[in-house]
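Welcome, and please have your viewer ready. We will begin with the whole chain and then move on to a few selections.

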Amino acid sequence: MTRIDAKFAALKAEGKKAFVAYIMAGDPDRETSMEILRGMPAAGVDVIELGLPFTDPMADGPTIQLAGQRALDGGQTLQKTLDMVAEFRKSDDTTPIVMMGYYNPIYNRGVPKFLADAKAAGIDGLIVVDLPPEEDEELCLPAAEVGINFIRLATPTTDEKRLPKVLQNTSGFVYYVSVTGITGSQAAQVADVAPEVARIKAATDLPLIVGFGISTPEAARTIAAVADGCVIGSAIVKEIGAGKSPAEVLETVAALAAGAHSA
């Protein structure tokens with residue numbers, strides 16, 4: 001059982017919805033990013049999504065693109081991101097961390113080495129948005145072999161024919177993208193999300209978490225109420241980009257977490 005599996009089992013036993021929060025590793029610099037990362041569990045984050053900065057983030061809107069650029073400008077690398085996770089693990093061995101990013105940096109490192117290093121650092125799951133199910137042998141299946149969850153995205157355009165393929169080797173949880181388009185571009189609507197969540201949950205026993213288009217505590221509560229939890233990224237990253245202190249960012253995170261947990 002991975003930390004992700006254990007976390008969702010514990011939340012289910014408590015009758016609670018999950019709050020998943022995203023930040024970009026190294027944004028705006030390593031020290032600030034590390035302070036926010038360390039503070040997230042106490043602010044109510046159940047699962048941390050840690051972005052791996054990349055030069056061509058095709059699924060991300062301007063907010064997260066800029067965060068990635070700030071991190072890259074500050075010298076953030078894949079190795080430094082793994083080092084941050086290893087440092088986090090010195091004081092927290094229970095909060096799951098999912099690395100979210102693109103395949104190119106992983107491919108350049110070499111899959112066997114990357115997976116060994118990620119496992120040693122304390123990474124629990126991967127979301128690699130540019131690897132479709134047809135490429136499962138590249139990374140998804142090798143990750144499963146070493147005990148790292150590979151989390152797949154389902155979207156409003158994932159129809160009945162495509163859904164079984166998407167779910168086939170997914171583990172940990174399913175990430176439902178509530179809107180078509182990029183991160184931070186439009187608001188999720190519960191009337192649209194609820195039937196889609198029900199449709200996907202009928203096809204899998206995995207927890208289903210909704211992300212994209214959620215930016216307020218009220219939206220977190222509303223969306224989490226029809227799913228197993230929600231993900232918020234751009235709203236947090238905007239605070240970091242605005243130059244807020246780690247304490248101020250974590251105050252925002254805590255309010256969003258409270259919203260999700262009140263569902």
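## A tour of the chain

Start with the charges: colour the 23 positive and 34 negative ones, and note that their mean positions are 3 Å apart. Keep in mind along the way that this is a predicted model.

**Stop 1: the whole chain.** Switch to a cartoon view, where you can follow 12 helices and 9 strands. How does the radius of gyration of the chain agree with that of a compact globule? For 263 residues such a globule would have a value near 18 Å, and the chain has 17 Å, so the two agree.

Now bring up the contacts. Then show the surface: the accessible area is about 10,900 Å², with 52% of it belonging to carbon and sulfur atoms. Of the 263 residues, 53% count as buried.

Stop 2: Next, select Glu49 and Asp60, which the "active site" annotation in an unreviewed UniProt entry covers. Zoom in on Glu49 to begin with; you will find Glu49 in strand S2, which runs over residues 47-51. Is Glu49 buried or exposed? Its relative accessible area is 1%, under the 20% cut-off, so Glu49 is buried.

To see what surrounds Glu49, leave out its neighbours within four places in sequence and display its contacts. They include Val20, Ala21, Tyr22 and Ile23. Also in contact with Glu49 are Val98, Met100, Ile127, Tyr175 and Val231.

**Stop 3: Asp60.** Move along to Asp60, which sits in the loop between S2 and helix H3 (62-73). With a relative accessibility of 9%, Asp60 counts as buried too.

**Stop 4: Ala227.** Where does Ala227 lie? Look in the loop between helix H10 (217-225) and strand S9 (229-232). Ala227 is buried, with 5% relative accessible area.

Show the residues that Ala227 touches, again without those up to four places away in sequence: Lys17, Val197, Leu208 and Val210. Finally, draw a C-alpha to C-alpha distance from Ala227 to Val47. The two are 180 residues apart in sequence and 15 Å apart in space. Val47 also takes you back to strand S2 (residues 47-51), the strand that holds Glu49.

Technical notes. Residues are numbered from 1 along each chain as its sequence is written. This is a predicted model: local features need pLDDT of at least 70, side-chain atom pairs count only at pLDDT 80 or more; totals for chains, interfaces and linings use all residues. Side-chain values use heavy atoms; hydrogens and water are left out. Helices (H or I, at least four residues) and strands (E, at least two) are DSSP runs, numbered from the N terminus. The radius of gyration is taken over C-alpha atoms; the globule rule is 2.2 Å times the number of residues to the power 0.38. Buried means under 20% relative accessible area, exposed over 50%, partly exposed in between (1.4 Å probe, protein chains only). Accessible areas come from the Shrake-Rupley method with a 1.4 Å probe; for residues, only the protein chains shown count as cover. Lys and Arg count as positive and Asp and Glu as negative; His and the chain ends are not counted. The place of a charge is taken as NZ of Lys, CZ of Arg, CG of Asp or CD of Glu. UniProt positions are given in the numbering used here, feature names are shortened, and annotations may be inferred rather than shown by experiment. Contact means heavy atoms within 4.5 Å.
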